[in-house]
Structures are given as structure tokens and as C-alpha cells.
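Open the model in your viewer and keep the selection tool ready.

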Amino acid sequence: MSALLWLAAAILLVIAEMFGGELFLLMLAGGAVGAAGAALLGAPVWLEVVVFALISVLLLVGVRPVAKRHMLSRPRVLTNTEALEGRHAIVTEQVDDHDGRVKIDGDVWSARSMNPGEVIAAGEQVMVVQIDGATAVVWRG
């Protein structure tokens, strides 16, 4: 019976970890699984608690720092408009500092030139400097 309680505690800790993401509760869930294993082997309750504490501390000290370091070292993936900055585009309609159109990766965007007074003719290649709302700010590059 106590093995089921330990497993239920482990499941609840894993669910709670999904909301926090600090890997603390996940390590405690590992300790609860270890205590459930001890309970299945017929260990007395005091030994189950010792196994829970020991495994939890070992996971917190040994595994959690490595896992957190691994999570933080992942490269940042650019998405949405951030991914367009720095890309090349083709001018489809003349671009000036107020209006124009460019094609970026097959999508047509409204555009304006980065430099005031600059006019870029259709067919020229430009670089997207930034996305300002729904307008690509481009530079002849």
C-alpha cells in the first residue's frame, strides 16, 4: 500500500514540476520512485523515508546541476519576425523611405528603406535590417 502512495506522490511531483521547470520537484519525484521500490521490497516505513531522502539529495546534488547547465546551453532559436532580420529580399515594387514591397522567402512584405530619401528599384536585392510592425525595414546591401 505504501508503494502506491509513493508512486502517487511521484506523479504529483512530476505534474507540479511541469508548472515550475526548476527541476527541483523532479528530483524529489525520483526519490519517491526509489522509496516506492523500497516499499515493494518490503522495507519498513523509516527505511522508505531514508531511501527517499538519500536518493532525492543525490539527484539534487549530482543530476540537477548538470541538467540545468544543459538546459541553459541550448542555442536560442529565432522565430517569427526575429528570424527574418538579416535575410536577403528581392524588391518587387519600388521601395523608398515610406512605402514599397519586397519578397522574403516567398512572402511579400510591405517595406521601407532604412536611409531617408533612398529609392530602391524593383528587382534589386536588399537586406532586411529589422521588422517594424508589418513592415520590413531594408538596406541596399
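Here is a short tour, one selection at a time.

This is a predicted model: local features need pLDDT of at least 70, side-chain atom pairs count only at pLDDT 80 or more, and totals for chains, interfaces and linings use all residues. Residues are numbered from 1 along each chain as its sequence is written, and side-chain values use heavy atoms, without hydrogens or water.

**Stop 1: the domains.** Select 1–73, then 83–139. These are domain 1 and domain 2, with bounds from an automatic or database domain assignment. Their centres, taken over C-alpha atoms, are 54 Å apart.

**Stop 2: the largest core.** Select V102, I104, A136 and V138. Of the 14 residues in the largest nonpolar core, these touch the most other members. A nonpolar core is a set of buried Ala, Val, Leu, Ile, Met, Phe, Trp, Tyr and Cys residues joined through side-chain atoms within 4.5 Å. Buried means under 20% relative accessible area (1.4 Å probe, protein chains only).

**Stop 3: V102.** Show its contacts (heavy atoms within 4.5 Å). Leaving out residues up to four places away in sequence, V102 touches residues including I90, W109, A136 and V138.

Stop 4: Select strand 2 (101–104) and strand 3 (107–113). Strands are DSSP runs of E, at least two residues, numbered from the N terminus. Which way do strand 2 and strand 3 pair, parallel or antiparallel? They pair in the antiparallel sense, over 4 bridges; pairing requires at least two DSSP bridges. W109 in strand 3 is the bridge partner of V102. Strand 3 and strand 5 pair in the parallel sense over 4 bridges, and A111 stands opposite A136 in strand 5.

Terms used. Buried means under 20% relative accessible area, exposed over 50%, partly exposed in between (1.4 Å probe, protein chains only).
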